[in-house]
Amino acid sequence: MAAAQRRFQRIPDLAWPQGIRCAVNVTLDYDAQLARRANNEPRMELTEGEFGGRTGIWRLMDLCSSHDVGLTLFVPGRICELYPESLRDAARRGFEVASHMWEHRVPAEPELQREHLRHTTAALEATTGVRPVGQRARGWGFDSLAAEGYRYISSFTADDKPYYMLEGGHTMLNLPFQWALDDAAYFKFAWLRGLPAAQRISDPDSVYENWIAAFRCIHAQGGYMNITVHDLQSGRAARVAMLERLFTEMKRYQGVWFPTCERVVRHCLDHYPAHRTEEV
Amino acid sequence: MPWKERYTVTDERTLENVVWPEGARCAAIVVVDPSPPCGLQGIGPRELETDAAHYGFDVALPRILDALDQRGIRATFPVPAALAEHAPALVRGIAARGHEVAAHGLRREDVSRLERHEEAWRLTRTTQVLADLLGQRPRGWYTLPRQTDAFAGGTISPHTVDLLIEAGYEYLGNSEADDIPHYWVTDPASRRAILAMPYCYHHDDQFFIEFPPIGQGGSNLERPETLFRNWRAEFDAMAGSGGQRAFGRCFTMVVHPWLNGWGQRLDVFERMLAHLRSGPPVWNPTAGECAGYWHSSYPAHATLKLAASIWADHPGSQS
């Protein structure tokens, strides 16, 4: 599936709607215990994830609601069977629910891969009433994604602004994230299967400094920012307080837009459709 | 909640608006782990004779106890049976100063691969050793991580929690599933559960000081200010310091005397104790007192909301 060759189409003249200087997508990878379960981690590690689904998710949704931030949740399908109430609530609040694998892994077998994507898409639609159009995770074939109606992905980093990816006749808009703007890199042992001894836990003040510095540059450039938080890491009280400080500071700048990912995608597809952009 | 065996230990949604005793905005629990550094086998004769052990027992622990006294902070000390037998006077001295002594395994060892009968025997023996020494059974049981563990959540077996319930323990000392006490369910049908106290490795000194441990590779192993900023930020968010909104939860910090006796680190610990006392009123119970309050104010039959699972086993998925 991933064997098909991919080509890029950048959007060099990308500008935001009237009055907007930069767009900030706050994205939440709603892993709860699923990432740790998929890695077969021991019992106690799963409780770290359980914090996210039981406690953290609600705080992060409350925070984004109170700041009018258009949160996008990237949700593994299994969350529909673990924490369905939080997903229904996300939809009621007007947040976007996008997909993030079935159980936090992308199977290599083509048929099973399509099966996982079908399950996930159907489960999210059944739970929230809205069919997801976005997806985060590498490894899916674009044919599988297109067959389920996906329009965009947020999984690759070959540019720091939205760009198109083409594979086997299918086109996806990619909303690039940045590892430095991912809370897991700062606040999680066993990050991407690393051992604790290979890692350092940071603190909210240091992460705030990194993130606000990134924002100032992106704002000055009129660019695109994609912040990734996780229920289990950023749902902790000190981290929510840090995000509150961050959003408050960002809103002091002129023309900062906090839409959902889907809204950014609609802007790009409407004004910079793939066929008109120059192939790089 | 939609219960799922091997995924969940408690119910779907946390409890909001917790009311604490004494009009406090939040609770603050200090856990002092007096064991010397050890591996998965726990404490044996070799671990009890290291420099870190001698320093921890003779030099650092008295300083930690003095610092706690000075700020009027009471702490909970998880003690393995091996330590109680090795240094009975030291352990009795901790209890005599008003702190709680909880159990920490036979040797602070990894029990995850033990047969049930072997683990049950060790649990009974540990309870007995501590009860004989202190004149009363320990109320709680900890299974904190060691600095060299592959994972930082502590290790248990599939039987541990059930054995603790069977043995009549009031609480399990460390679970990461919430930042308030919560019920850890072993059988949703019968609602068999134990109260679990919150723990998070982000507030455990051993992952910030001399970490990674000497000889484990890596550099940048001394970050006391990062630890302090984590403690302070978490506590401030829970207590609502400086006018921010108060989450009103149960702040829990963990320290190890063998790491924290040294002057510059003790200074960080003392600054944090002072900070706990510097703001709005805070309730500072031992873990056992907090568990007792929880059992009477938020009993399982009234607060644990268990609903049937909606989990389905799909072909090609993990069960």
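Which residues does Arg136(A) touch, not counting residues up to four places away in sequence? In this predicted model, Arg136(A) touches Asp29(A), Phe74(A), Ala98(A), His100(A), Ile153(A), Ser154(A) and Ser155(A). Arg136(A) lies in the loop that runs between β5 (134-135) and α6 (142-147) of chain A, and because 22 C-beta neighbours fall inside 10 Å, Arg136(A) counts as buried. The C-alpha atom of Arg136(A) is separated by 17 Å from that of Val24(A), a residue 112 residues apart from Arg136(A) along the chain.

## The contact between the chains

The contact between chain A and chain B takes 43 residues from chain A and 49 residues from chain B. On the side of chain A that touches chain B, at least two residues each are supplied by α2 (43-66), α3 (79-82), α4 (84-92), α5 (110-128), α8 (204-221) and α10 (237-250) of chain A. The largest share of this side, ten residues, comes from α2(A). Divided by class, the side of chain A that touches chain B has 23 nonpolar, five polar and 15 charged residues.

## Helix pairs

| Helix pair | Axes | Angle |
|---|---|---|
| α2(A) and α4(A) | within 10 Å | roughly 5 degrees |
| α2(A) and α10(A) | 10 Å apart | about 15 degrees |
| α1(B) and α8(B) | within 10 Å | roughly 20 degrees |

By class, the contact of α2(A) with α4(A) has four nonpolar, two polar and one charged residues.

The helix α2(A) also packs with α10(A) at an angle of about 15 degrees, and these two helices are therefore roughly parallel to each other. The crossing in which α2(A) passes α10(A) is right-handed. Here the contact is made by Arg59(A), Leu60(A) and Leu63(A) of α2(A) together with Val240(A), Leu243(A) and Glu244(A) of α10(A), and the residues of this contact divide into four nonpolar, no polar and two charged.

In chain B, the axes of helix α1 (residues 51-71) and α8(B) cross at roughly 20 degrees, which makes α1(B) roughly parallel to α8(B). The passage of α1(B) by α8(B) is a right-handed crossing. From α1(B), the residues that make the contact are Arg63(B), Ala67(B), Leu68(B) and Arg71(B), and from α8(B) they are Leu266(B), Phe269(B), Glu270(B), Leu273(B) and Ala274(B). This contact of α1(B) with α8(B) has, by class, six nonpolar, no polar and three charged residues.

## Helix α6 of chain B

At 1.5 Å a residue, the 16 residues of helix α6 (residues 224-239) of chain B should span 22 Å, and the end C-alpha atoms of this helix are 22 Å apart, which agrees. The helix α6(B) is mostly covered, with twelve of its 16 residues buried; among them are Leu227(B), Phe228(B), Trp231(B), Phe235(B) and Met238(B), and also Asn230(B), Glu234(B) and Asp236(B). The buried residues of α6(B) pack against elements of both chains, namely α8 and α10 of chain A and, from chain B, β1 (26-32), β8 (250-255), α8 (263-276) and β9 (282-283). Just after α6(B), Gly240(B) takes a positive phi of about 70 degrees.

## Backbone features to check

Most residues other than glycine have a negative phi, and most peptide bonds are trans. His104(A), a residue other than glycine, has a positive phi, near 65 degrees, and its place is in the loop between β4 (96-99) and α5 of chain A. His104(A) is buried because 23 other C-beta atoms lie within 10 Å. Glu22(B), likewise a residue other than glycine, has a positive phi near 60 degrees and is found in the segment before β1 of chain B. With 10 C-beta neighbours inside 10 Å, Glu22(B) counts as exposed. Finally, the peptide bond from Phe211(B) to Pro212(B) is cis, with omega near 5 degrees, and Pro212(B) is found in the loop between β7 (192-198) and α6 of chain B.

Technical notes:
Residues numbered from 1 in each chain as written. Chains lettered and ligands numbered in written order. Predicted model: local features only at pLDDT ≥ 70, side-chain atom pairs only at ≥ 80, totals over all residues. Contact = placed C-beta atoms within 7 Å. Helix = DSSP H or I, 4+ residues; strand = E, 2+ residues; numbered from the N terminus. Nonpolar A, V, L, I, M, F, W, Y, C, P; charged D, E, K, R; others polar. Axes fitted to C-alpha atoms, helices over the stretch in contact; angles between N-to-C directions. Parallel < 35°, antiparallel > 145°, perpendicular 65-115°, else oblique. Left-handed = near helix turned anticlockwise from the far one by under 90°. Expected span 1.5 Å × (residues − 1). Buried ≥ 20, exposed ≤ 12 C-beta atoms within 10 Å, placed from the backbone.
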